[in-house]
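Here is a short report on one protein chain. Look at the sequence and the model, then read on.

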Amino acid sequence: MKEERFPTANQVSLGRETPKHYGITSPISLVQAKEADLVLTHRLTEALKPYGVFEEELELQRRIHVLGKLNTLVKEWIRDVSETKNLPASVIESVGGKIFTFGSYRLGVHTKGADIDALFVAPRHVERTDFFSSFLDKLKEQEEVKDLRAVEEAFVPVIKLSFDSIEIDILFARLALQTIPKNLDLRDDGLLKNLDIRCIRSLNGCRVTDEILHLVPNIENFRLTLRTIKLWAKRHNIYSNILGFLGGVSWAMLVARTCQLYPNAVASTLVHKFFLVFSKWEWPNPVLLKQPEDCNLNLPVWDPRVTPSDRYHLMPIITPAYPQQNSTYNVSVSTRAVMVDEFKQGLSITDEILQNKAEWSKLFDAPNFFQKYKHYIVLLASAPTEKQHLEWVGLVESKIRILVGNLEKNEFITLAHVNPQSFPGPKEKEVSTMWVIGVIFKKMETSENLNVDLTIDIQSFTDTVYRQAISSKMFEADMKIQAMHVKKRQLHQLLPSLVMPKRRKVRKTPISLSSTSDQPTYVIDHSDMHLQLESATERQTSGDSVPSSQTTSPPPTMGPPAAPQTPSPPATMGPPAAPQTPSLPATMGPPVAHKTPSPPPTIGPPVAHKTPNQEVLEEKSPKEHQMEDPSIVPETKTEDSGAASVGEGGTSVEAEVHNKLIVMAQFHVWIPFLCLCVSYCIAEVDCRYSHLLKNFK
């Protein structure tokens with residue numbers, strides 16, 4: 001086991017003999033490793049140790065012991081199930097059943113404290129319902145088992161548990177076999193015959209992992225290289241399949257392809273070649289470890305010639321096991337651009353390392369995401385309790401890539417980069433989690449001011465989240481989403497001090513995502529964000545100290561105007577129930593579905609106490625049926641409101657982002673009430689018509 005974890009010069013030299021041809025193309029180079037390469041590989045291993053990528057021998061033995069106990073438990077349970085189904089005694093003794101592992105543990109690159117992905121393979125007489133009932137009950141009886149929970153309705157159904165303090169995810173696959181042999185090879189495509197789609201999905205993880213290990217020339221070189229690349233990706237915030245970057249299996253396939261192209265290279269060389277190959281890769285050409293095979297099982301496979309949707313994948317990395325799938329379908333234009341840029345920077349750093357101009361530690365230096373961009377959007381998901389928060393955060397995080405895609409489609413946005421790392425939100429009554437998205441705006445070619453409207457982009461995202469929560473019956477009252485635009489200089493007021501240390505010169509009024517603070521928080525039904533871009537030419541003419549009310553006219557209101565009923569003073573916008581501030585907006589009636597252009601409503605009172613460049617967008621739950629008057633709150637620039645870059649390249653015109661928050665009511669909240677009103681009107685008209693007809697007769 002130790003040899004597997006700490007490759008030596010003798011071990012890595014085993015790759016000098018290439019027994020066969022690997023991959024779909026010929027190797028790029030068959031050059032043998034030199035002594036200098038072995039020295040660099042040893043230095044790489046030493047540089048990895050401080051980051052905890054190698055597990056201690058004692059911990060490794062504990063994992064093996066836990067898996068052994070779990071495997072024994074599985075065999076006992078299968079025998080019990082077989083007896084209840086009246087199988088012959090001779091069959092019960094030989095029926096079998098086995099636990100397989102996959103993922104990072106099976107690849108041999110798991111880190112300290114990592115979980116174990118496991119697959120429970122059962123014979124044909126054991127049903128999935130048995131797995132989620134009697135097997136779950138048997139696990140509950142075990143003293144070592146904690147935090148047991150079943151997710152039966154997931155895309156890939158799973159049982160999650162902690163066995164002797166080791167996190168384990170167990171999938172289930174029922175094969176069309178009477179008995180499970182001890183030497184079962186899950187790579188056999190024939191095992192997929194007569195299986196339901198859930199079992200095929202469950203088997204896919206093991207089949208892909210085993211194929212990868214059989215498709216690399218030297219497993220030890222592959223493992224050390226993969227450990228290096230995974231650590232680098234995590235340190236550079238590009239390790240997250242759910243947020244549109246690459247997950248563990250995708251990084252493993254890229255490293256495996258590099259090993260195929262340089263079969264005799266050791267880890268130090270392979271890391272450099274990895275960045276060389278994929279910084280110059282012509283996406284969307286797919287990465288393939290082997291030629292796709294058709295097993296005539298009529299399962300959907302990745303094939304852009306047949307499936308039109310596959311043609312739109314931006315960074316396809318195809319799994320080697322049938323049915324072949326693209327493991328990177330979540331990648332967007334922005335995430336691909338970010339990763340390609342990181343590949344190029346990695347190539348530059350490894351060039352220096354191979355020339356002895358830098359150490360391996362430089363490759364793992366984490367870049368400061370919060371200094372990279374001038375504009376950010378902060379998302380905050382909150383729920384009343386820990387349990388509700390856990391479910392709510394998981395749903396919101398799985399949909400953030402939709403928001404990134406919406407922002408990318410905005411004509412004024414060049415790039416939207418979400419940081420995979422989440423942060424705890426403000427410590428208030430609710431439990432919350434926060435994500436940060438860096439945004440680059442396009443450079444303005446004209447000297448006119450432009451309003452960048454992000455209302456629809458964010459509203460579409462929040463609507464999707466709420467619909468999913470309601471349809472899955474997990475939605476609870478007070479589950480909310482907030483969004484806020486801030487500049488780089490303001491991030492230190494929102495993020496933990498360990499990530500973003502507070503600057504010496506702080507703003508007088510702190511940014512707050514809390515609706516209970518002195519800072520006014522604008523509450524709306526769904527996200528509503530207006531950013532005003534002012535050209536650099538006009539800003540230089542008018543001066544930085546010119547109030548925003550003197551730059552351009554306010555953006556048009558997004559919500560319908562209040563119903564023209566009894567004249568009354570317009571509602572104003574202000575902090576909720578805060579002293580010496582305007583009261584909350586008055587409740588409005590149902591909105592008109594189609595609104596005609598009208599001047600914006602009355603401007604509220606000045607908000608000199610409001611932090612410049614702040615937009616707080618708190619989401620009400622779909623169950624709340626209160627509308628608020630749309631209003632525009634002007635704010636005064638301060639001296640430190642510097643110009644904001646709106647892109648890379650192009651002209652030198654820059655844009656200043658001003659906060660223009662427009663409170664917009666959502667039509668769909670009032671649809672039932674509106675339908676009721678329409679029905680009442682129709683009934684009233686029908687009644688009046690009948691009365692007139694009767695009088696006429």
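Residues 24 or more positions apart make up 77% of the chain's contacts that have a separation of 6 or more. A contact here means heavy atoms within 4.5 Å. The model is predicted: local features need pLDDT of at least 70, side-chain atom pairs count only at pLDDT 80 or more, and totals for chains, interfaces and linings use all residues. Residues are numbered from 1 along each chain as its sequence is written, and side-chain values use heavy atoms, with hydrogens and water left out.

**Overall build**

The chain has 17 helices and 15 strands. Both are DSSP runs, numbered from the N terminus: helices are H or I with at least four residues, strands are E with at least two. The chain holds 697 residues, and 51% of them count as buried. Buried means under 20% relative accessible area, exposed means over 50%, and partly exposed lies in between (1.4 Å probe, protein chains only). The chain exposes about 33,100 Å². Carbon and sulfur atoms supply 53% of that area. Accessible areas come from the Shrake-Rupley method with a 1.4 Å probe; for residues, only the protein chains shown count as cover.

**Salt bridges**

Side chains of opposite charge can pair when their charged atoms come close. A salt bridge is a side-chain nitrogen of Lys or Arg within 4 Å of a carboxyl oxygen of Asp or Glu. The whole structure has 16 of them. Among them are these pairs:

| Pair | N to O distance |
|---|---|
| Glu-55 and Arg-63 | 2.6 Å |
| Glu-220 and Arg-223 | 3.7 Å |
| Arg-305 and Asp-303 | 3.0 Å |

Glu-55 and Arg-63 are both buried. Glu-220 and Arg-223 are both buried too. Glu-220 and Arg-223 are about one helical turn apart, because they sit three residues apart in helix 10 (residues 219–235).

Arg-305 has 72% relative accessibility, so Arg-305 counts as exposed. Asp-303 has 15%, so Asp-303 counts as buried.

Salt bridges also form a network, which links Glu-211, Lys-290 and Glu-293.

**Confidence**

How high is the mean pLDDT of the chain? The mean is 75, and 67% of the residues reach 70 or more. pLDDT is the predictor's confidence in each residue, from 0 to 100. Over residues 506–510 the pLDDT is below 50, and this stretch has 15 contacts beyond near neighbours in sequence. Residues 512–530 also have pLDDT below 50, with 104 such contacts in the model. Where pLDDT is low, the predicted coordinates should not be read in detail.
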